[in-house]
Amino acid sequence: MISSINMSIRVLVVSDTRSSGDAKDTAGPKLMEKLHVLFPYAEVACNTIPDDKAEIKSYLQKYAKQDIDVVFTTGGTGFSPRDVTPEATREVIEKEAPGLATAMMFRSLAKTEMAMLSRAVCGVASKTLIVNLPGSPKGALECLDFIKEAIPHAVNCINDRKEEVAREHITISQQPVAQPQEQSSASKEAREDVTISQQPGAQLQEQSSPSRVKVNKVAARNRESPYPMVEEKDASDVIIKHCMPIHETDTVPFEESFGRVLAENVCTPEPIPAFRASIKDGYAVKSADGMGKRTVKQKAIAGDKPIEDELQHGEAVRISTGAPVPPGADAVVQVEDTKLLQASEDGSEEIAIEILKEPKAGQDIRDIGSEVAKDSVVLHKYDRIDAAHIGIMAQLGKLEVKVVRRPAVGILSTGNEIKEPWERIQPGQIRDSNRYTLKHMLRKFGFHSMDCGIVKDDPNVVKQALEKAFEQNEYVITTGGASMGEFDVVKRVLEVDFDARIHFGRVNMKPGKPTSFATLVYKGKLKKVFCLPGNPASCSVCCLLFVIPALRYVENQRDYKFPMIRADVPEKVPNSDARPDYRRVTVEAKDGIISAYSNGNQISSNLNSVCNANGLAIIQPQSTIPQRPIHSPFGTTYVSEVPLEQRGPLEMFPMFGMPTNNSSWMRSLSVGRVVIQ
Ligand SMILES: Nc1nc2c(c(=O)[nH]1)N[C@H]1C(S)=C(S)[C@@H](COP(=O)(O)OP(=O)(O)OC[C@H]3O[C@@H](n4cnc5c(N)ncnc54)[C@H](O)[C@@H]3O)O[C@H]1N2
Ligand code: MOO
Ligand SMILES: [Mg+2]
């Protein structure tokens, strides 16, 4: 059973050990995954809290206030002293729903007698249905399975949706629902560059039922798009609502983690530095001795065994940068602030020196733990791993690290006219650029993709190619065949053959109008499909605006959206279209002023407009000039907003080359879009 009801669902993992991080939470992610499959149109989120009655109550009350439809708690239903979830639930609910608890108990008993030890309470608080599930992932999934069919009906009843309630005929299915399968195999590195089909329609001979989409009745085609036009922001929100952050992890050698997302906090078992280290080449002294003569006793050179003898008054130890400061010394005086008084006859040793400047206690010494205290977190979970992260892991001797499993993404090109770059092309044919642009755009942002080949605009072939893509990928990006032509069959195949829900089928933007997003359940798993337009500039812009942020969200990146900075637009940027224009721009910084320039011919087919572009300027429909002129020494300019990515990969279009100006500061600028105010 797949429910089409829109619901907001929360999973509340109640566990002392899971909330403290001492134990890995598998129940939460597994429940989330299953809920996404059962209720693909629901918005699902998860929180983990300790077995604390007051905290459980406060979360449940908060959810009830927010009109969350269903809360599934998992954990704390047993007999141990800290198990208080049922008690907390009972204090929050206004109506008990003992039937749900009984159904779970009754059917669980058929599997294990231990089920009789569950004390689950279910009920309604305000308009929120609260269901206590067991803490074990297996038990929680089983119990959810037992009651799943009653949930949408219960939600409709709670909200007094009389028509829906009347329409529903609840028949508790005896059919077991497919358990969500492990997805991690699909994420393995080996996936990259796997090609399902290199030839249009070739190698897709595996038996598959024919598509139910017919293209031979052109006269019967739609003369208006059946899809309402949505705004870009709404489209982005819908996508995020249907994408789920990944909780599974891979463990990889530290150097292979570059570009991936940390799935653990990395702590330092040793303070950094681990010993008092000299910052300068000079002399370790007692600051209380002040200026004047010192007898040079020993030498402390970086890498040598640390000196154990206590430094005495009037003495100095010759020391090199990075060497351990000897006990008794509390300052290092750089060699430039000293004078040689006496040397050995052969000049190989210094015997006495004079300190020329008053030394201060602590001067030029890096104290133990002054950079990073022992046991503190140095690298944070969900950081995207950059060069310095790798360096720190090397510094800590951390040879393996846990990273977030990568989403499995497949890319499929469609079009009778599309050929591989190495193929001989006939008149009317063109070479595929979209699949390659997309692959490397994803790669730039740390994602791997599977090449699903090129297929002709034939519903049967598109269907087969999509089936293959769905076998191994959670996300599929298609290009082409998304608009109004009779051979634009991708969306129709998704709807008719895969029972997909098209969340939006047109976006109010130029380029990118036919961009669509669909979800469907294939072999018990939720699949997300981005249908990008065939026009190469449209395809790139929409990958950047919709696909990359979604995948960053899925990888638990808090800053998955491209943020904004201010920029000036020194030229006129008219837009006579009825749609907002997402113009590819080159943003430059000169004398502290950031300016955005339109990047060549902006027709949707011109991929060249994307080359060297490092921003998107959104020019509102019918606007001829930006609205807020600013007078600067360079003439009249216009204030606009440009997003700056604050972390992670720094440039947005770097695979197309760096910004054209040579300021090194610009190289650290990542620009997403310019909004003309
Ligand atoms: N009657 C209408 N026609 C069109 C509309 C419309 O609203 N009503 N929208 C136009 C817009 S806007 C766009 S964008 C395009 C999008 O078309 P499709 O997504 O259906 O893509 P195709 O028709 O298959 O191809 C369009 C164009 O792009 C070239 N192409 C396709 N795939 C690739 C590839 N992999 N690499 C390079 N180039 C590719 C293809 O040859 C076409 O020239 O529809 C308008 N039509
Ligand atoms: O939306 Mo299309 O991408 O204008 O050409
Ligand atoms: Mg088309």
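Contact here means heavy atoms within 4.5 Å, and axes are lines fitted to C-alpha atoms, for helices over the stretch in contact, with angles from 0 to 180 degrees between N-to-C directions. Helices (H or I, at least four residues) and strands (E, at least two) are DSSP runs numbered from the N terminus.

The structure is a predicted model, in which local features need pLDDT of at least 70 and side-chain atom pairs count only at pLDDT 80 or more, while totals for chains, interfaces and linings use all residues. Residues are numbered from 1 along each chain as its sequence is written, and side-chain values use heavy atoms, leaving out hydrogens and water.

**The sheet and its helices**

An open sheet of mixed pairing is formed by six strands in the order 23-20-24-28-27-25; two strands pair if DSSP finds at least two bridges between them. Its edges are strand 23 and strand 25 (501–504), each of which pairs on one side only. On average, neighbouring strands are turned by 20 degrees against each other, direction ignored. Strands 20 and 23 pair in the parallel sense over four bridges, and valine 455 in strand 23 is the bridge partner of threonine 414.

Helix 11 (residues 434–444) lies across strands 20, 23, 24 and 28 and runs at about 160 degrees to strand 20. Helix 12 also packs on the sheet, touching strands 20, 23, 24, 27 and 28, and its direction makes about 175 degrees with that of strand 23.

**Helix 12**

Helix 12 comprises residues 459–472 and reaches 20 Å from its first C-alpha to its last, close to the expected 20 Å, where the expected span is 1.5 Å times one less than the number of residues. Of its 14 residues, 10 are buried, so the helix is largely enclosed by the rest of the structure; buried means under 20% relative accessible area, with a 1.4 Å probe and protein chains only. Among the elements covering these buried residues is helix 13 (490–498).

**Aromatic pairs**

Rings of Phe, Tyr and Trp (its six-membered ring) pair if their centres lie within 6.5 Å, and planes over 60 degrees apart count as edge-to-face. The count comes to eight aromatic pairs, including the two edge-to-face pairs tabulated here.

| Pair | Centre to centre | Angle between planes |
|---|---|---|
| Tyr59 and Tyr63 | 6.0 Å | 65 degrees |
| Phe470 and Phe498 | 5.2 Å | 85 degrees |

Tyrosine 59 and tyrosine 63 are both buried. Phenylalanine 470 lies in helix 12 and phenylalanine 498 in helix 13, so their pair ties together parts 28 residues apart in sequence. Phenylalanine 470 is buried at 1% relative accessibility, and phenylalanine 498 at 8%.

Technical notes
Chains lettered and ligands numbered in written order. Buried < 20%, exposed > 50% of the residue type's maximum accessible area, 1.4 Å probe, protein only. Phe/Tyr/Trp six-rings, centres within 6.5 Å; stacked < 30°, edge-to-face > 60°.
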